[in-house]
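Work through the exercises below with the model open. Each task is followed by a stepwise solution.

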Amino acid sequence: VSYRYGNHILPAPNTTPESLELQKILRQMADDKTTHCIAEVSSHALDLGRVDDCDFDVAIFTNLTQDHLDYHGTMEAYYRAKERLFHDLIPHSRKSHPYRKVINGDDPWGVRLMNNDKEQVLTFGLSSRHDVRADDIHLSLAGIEARIHIGEASFPIVSSLTGKFNLYNILAAAAGAFALDVPLTAIGEGIARMNGVPGRMERVSVSGEPWVFVDYAHTDDALSKALEMLGVFGKNRLVTLFGCGGDRDHGKRSMMGKAASQLSHRVIVTSDNPRSEEPLAIIGEIEKGILPEMAKVPPAELFKNGKQSYCVILDRREAIETAIRLAHEDDIILIAGKGHEDYQIVGGKRLFFDDRVTARSCLNQRKRMEQ
């Protein structure tokens, strides 16, 4: 989302900065008396050697699902890039801690990573076999309640973050903090204070309006997890609005279409960042994955019958406006794919566009029409 420390917020053109820029930012952080830096290390950064001269204290593996195959080619190559952090960089780090590797033991790629590792690993997950785990779990649209166990100790948590995937994120953060000897009381307080991440299952609606969430989910797995979380609330009709980025992995487009149609009552397929590709061609690839039982209808008829259905609205702003205008008050609308992004790339142009701003504007317009 951004690079930030103290009162400084820097734009993030890449998930992980280029090596020279990364060292420059770390130098600025150190000069500003920053003591700890948490960095999202991308597979691209690892493959291109951007972090090869960083001494990491702890490395955390969350999970691995299909993405970036336009760059890596195969899931095996994608995994090998991620593996470098744990097998090549951490062993040569000059930092020394009892636990330097924190791994999601419920993820199959994480299990593989552990099985190939001789160094002591701290595992997290929902199973009782893990070092850091959770039980007494209650998930709702309002957030997460659970009890976290770290070794022999345990404590209750309450978080405004939503969904099982965020519970895994909480466990990852708790395990990483524990590996750095952060006191358990501070871990619990930190979880409670965390209000949310921009564009990650971010609710933009208020009471009395349809439930509207904006999420960055841009892979079939991420979309499935988001919809599974929202689908728990079965009395609500679930509406998914999404597209796929141009000049990126073609293979995941039909998979995202399948995921949306499997778990939604209504689907609106629209543009994301088409870049140099023809938007309708991208949408055509998404449609190949939509289940046959989900009928294609004109936008005006999307909410008129009780059957699963989908429509295509090329213009993303119009798509969001249509979903919010036609939805019932108890419907849940997921606007997926762009999350925190405040732009849309069409051809060679970078245009201002923010799903959250657009959705809030459409909700306000709906309210005015109802008055």
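The model is predicted: local features need pLDDT of at least 70, side-chain atom pairs pLDDT 80 or more, while totals for chains, interfaces and linings use all residues. Residues are numbered from 1 along each chain as its sequence is written, and side-chain values use heavy atoms, without hydrogens and water.

**Exercise 1.** Describe how helices α11 and α12 cross.

Step 1. Locate α11 at residues 316–326 and α12 at residues 355–370. Helices are DSSP runs of H or I, at least four residues; strands are runs of E, at least two.

Step 2. The two axes come within 9 Å and cross at roughly 40 degrees. Axes are lines fitted to C-alpha atoms over the stretch in contact, with angles from 0 to 180 degrees between N-to-C directions.

Step 3. The crossing of α11 past α12 is right-handed, meaning the near helix is turned clockwise from the far one by less than a right angle.

Step 4. Contact (heavy atoms within 4.5 Å) involves residues including I320 and I324 of α11 and A359 and L363 of α12.

**Exercise 2.** Is strand β11 buried or exposed?

Step 1. Buried means under 20% relative accessible area, exposed over 50%, partly exposed in between (1.4 Å probe, protein chains only).

Step 2. Five of the five residues, 238–242, are buried, so β11 is largely enclosed by the rest of the structure.

Step 3. L238, T240 and F242 point one way; V239 and L241 point the other.
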